[in-house]
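Subject: Structure for you, with notes

Hello,

Here is the structure I promised to pass on. Please open it beside the notes below.

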Amino acid sequence: MRRLAATLVTTTLLLTACGSADEPADEPTAAATPDAAEESAGTPEDLELLGAVQVEGEFGSEPTLTFDQPFEIGAPAALVVSEGDGDPLEEGQIMVVDVLAVSGDAGETLQSTYADGSPERLPFGDPGFPQLNAALAGQNVGARILYAVPGGAGQEGEEVPATVLTIDVVDVLPTRAEGTPVEPTAEGLPTVTLAEDGTPTIDVEGATEPTELVVQTLIEGEGPVVESGQNISVQYHGVLLSDGTVFDSSWERGQPAQFGIGVGQVIQGWDQGLVGQKVGSQVLLVIPSELAYGDQDRDPIPANSDLVFVVDILDAY
């Protein structure tokens, strides 16, 4: 999601300082939703401006956007161009999306995943994009969304034009590890139990204090091997080894997380323990403090704390 996030967040911050279908996309129209839901996707005035943008081209291929220039809009707004016929979208999912972003000034392309064949990952339900979430509500994989963000003053004082985007929802990622269960062989590991939806619980009673990083596969996936420098999408649950206190959990937040791996964006225990694992796997990490936060006090993690994570690797790209 990093390029898409940069495009969306850069322009959104101006206000606060981001299956398939094979039918051609015609002129965008608002989804048949109640008035309150429609307004949450943008004001009536902004939705009317966005509705004048012409979108031509089939789903899955780079569309052509035609609009009066310069395009200006008062606040973010989103419309459904075409509905998909795949699985229903649910909040908390990470969507695999193709994106075209163009400048509202002259229509030049700012980003296109169609050109390089590298779809982005975009969380459905990110609180930073309420209008986009409103347009996606009730839609399916295969939907095409038209989204616009107003211009304004950039971070260095330069004038940034409005941005107009199309977002094709190509697929969604699984929300939990999928593969073959693996029986742990080492002694002294924390015990992991899974709820029906995959939410883990970690019992640290009787667990041994680690002298080095412990990496135990609990479910072996069938996807590609995670490589250093990739971005990964994960579900994770973290507790203190000392008493089992939960200090962080994507499951509790209701949405998977995304990180760069092997490049120092996360603690060393993650970089060392997840590179080389297969997508679809669930991995238990018992991390000594020196590969976590060391002598730093990172409330609610006390200094010199050994950590335990259960990580479901959903994607790597």
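First, the ground rules. This is a predicted model, where local features need pLDDT of at least 70, side-chain atom pairs count only at pLDDT 80 or more, and totals for chains, interfaces and linings use all residues. Residues are numbered from 1 along each chain as its sequence is written, and side-chain values use heavy atoms, with hydrogens and water left out.

**Strand E15**

Helices (H or I, at least four residues) and strands (E, at least two) are DSSP runs, numbered from the N terminus. E15 covers residues 231-240 and is mostly covered: 10 of its 10 residues are buried. Buried means under 20% relative accessible area, exposed over 50%, and partly exposed in between (1.4 Å probe, protein chains only). In a regular strand the side chains alternate between the two faces of the sheet. On E15, Asn231, Ser233, Gln235, His237 and Val239 point one way. Ile232, Val234, Tyr236, Gly238 and Leu240 point the other way. Both sets are buried.

**Its partners**

Two strands pair if DSSP finds at least two bridges between them. E15 has these antiparallel pairings:

- E19 (residues 307-316), over nine bridges. Here Ile232 has Ala316 as its bridge partner.
- E17 (residues 257-260), over four bridges. Val234 stands opposite Ala257.
- E16 (residues 246-249), over three bridges. His237 is bridged to Ser249.

The E15-E16 hairpin has five residues between the strands, and Gly244 there takes a positive phi near 80 degrees.

**Aromatic rings**

Rings of Phe, Tyr and Trp (its six-membered ring) pair if their centres lie within 6.5 Å; planes under 30 degrees apart count as stacked, over 60 as edge-to-face and the rest as tilted. The whole structure holds seven aromatic pairs. One of them is Tyr236 with Trp270, edge-to-face, at 5.4 Å centre to centre and 85 degrees between the planes. That pair links distant parts of the chain: Tyr236 is in E15 and Trp270 in helix H7 (residues 268-274), 34 residues apart. Tyr236 is buried, with a relative accessible area of 4%. Trp270 also counts as buried, at 4% relative accessibility. Phe259 and Trp270 have ring centres 5.6 Å apart and planes at 80 degrees, so this pair is edge-to-face. Phe259 sits in E17, 11 residues from Trp270. Tyr236, Phe247, Phe259, Trp270 and Phe309 form one aromatic cluster.

**Nonpolar cores**

A nonpolar core is a set of buried Ala, Val, Leu, Ile, Met, Phe, Trp, Tyr and Cys residues joined through side-chain atoms within 4.5 Å. The largest has 25 residues. Those with the most contacts inside it include Trp270, Leu285, Ile287 and Phe309. E15, H7, E18 and E19 each supply at least two residues of this core. E19 gives the most, with five residues. Another core, of 21 residues, lies apart from it; among its members are Ala78, Leu122, Ile167 and Val172.

Ser289 is in the loop between E18 (282-287) and E19. Is Ser289 buried or exposed? At 11% relative accessibility, Ser289 counts as buried. Leaving aside neighbours within four places in sequence, Ser289 is in contact (heavy atoms within 4.5 Å) with Gly294, Asn304, Ser305 and Asp306.

Best wishes
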